[in-house]
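These are my notebook entries on one structure. I set out the terms as I reached them.

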Amino acid sequence: MTQSITKSTVNIAPLENGDRLTRLEFEKRYQKMTHVKKAELIEGIVYMGSPLRINKHGEPHANIMAWLGFYKAYTNGVQIGDNCTVRLDPENEPQPDALLRIEKGGQSIISEDGYVEGAPELIVEIAASTVSIDLHDKLKAYRRNQVQEYLVWRVDDNEIDWFRLKEEKYIKLQA
């Protein structure tokens, strides 16, 4: 005896680190995992964050948000975001630590369901355990999608890598 399977009886598989998915499949699975605080799709691969330490992430992140908040207070027409999802392309849906976008006339829009779509003008990542992802696959995805400036704070090295897009390549700015 065969049993017919309907959509209501098919379970959606949970997200796992390393899954290779399209952005649409990633979103479908992520929405079902309400207990997960952060999951990203970078170059078609799922990355799920580990618990965050105050010295290696919490305080640096707070400092970046304070800096961007100060900038916003003195700059009309910009919007900042803290850990919000960005729909870049079919293989990339990161959740950067911080972003800044131009509200009108910028590169990104806010979708009907409240997500950033397209490239914000600035993305910031706080990197301790994620340095290799942030400086390789994310950097490639952000460059390809025309994120104008990308900042990676390598906490363990006490270094900041700041990239500016020029002629479709990232140029590392000097301090």
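I counted two strands as paired if DSSP finds at least two bridges between them. Helices (H or I, at least four residues) and strands (E, at least two) are DSSP runs, numbered from the N terminus.

I noted that this is a predicted model, in which local features need pLDDT of at least 70, side-chain atom pairs count only at pLDDT 80 or more, and totals for chains, interfaces and linings use all residues. Residues are numbered from 1 along each chain as its sequence is written, and side-chain values use heavy atoms, with hydrogens and water left out.

**Entry 1: the sheet.** I looked up the pairing of β9 (residues 149-154) and β10 (residues 159-166) and found it antiparallel, over six bridges. Leucine 151 stands opposite tryptophan 162 in β10. I then traced an open sheet of six strands with mixed pairing, in the order β3-β5-β8-β9-β10-β11. β3 (78-82) and β11 (169-172) are the edge strands, each pairing on one side only. On average, neighbouring strands of this sheet are turned by 20° against each other, direction ignored. Helix α4 (residues 137-144) packs on the sheet and touches β8 (122-127), β9, β10 and β11; its direction makes about 120° with that of β11. Contact means heavy atoms within 4.5 Å; axes are lines fitted to C-alpha atoms, for helices over the stretch in contact, and angles run from 0 to 180 degrees between N-to-C directions.

**Entry 2: the hairpin.** I found β1 and β2 forming a hairpin with two residues between them. Glutamate 43, in the turn, has a positive phi of about 50°. The two strands run antiparallel and are joined by four bridges, with isoleucine 42 opposite isoleucine 45 in β2. Both faces of β1 are covered: Ala39 and Leu41 on one side, and Glu40 and Ile42 on the other, are all buried. Buried means under 20% relative accessible area, exposed over 50%, and partly exposed in between (1.4 Å probe, protein chains only).

**Entry 3: arginine 23.** Is arginine 23 buried or exposed? I recorded it as buried, because its relative accessible area is 19%. Arginine 23 lies in helix α1 (residues 23-32), whose buried residues also include Phe26 and Tyr30. What covers the buried residues of α1 includes β1 (39-42), β2 and β4 (86-87). Leaving aside neighbours within four places in sequence, arginine 23 is in contact with Leu41, Arg87, Asp89, Pro90, Asn92 and Glu93.
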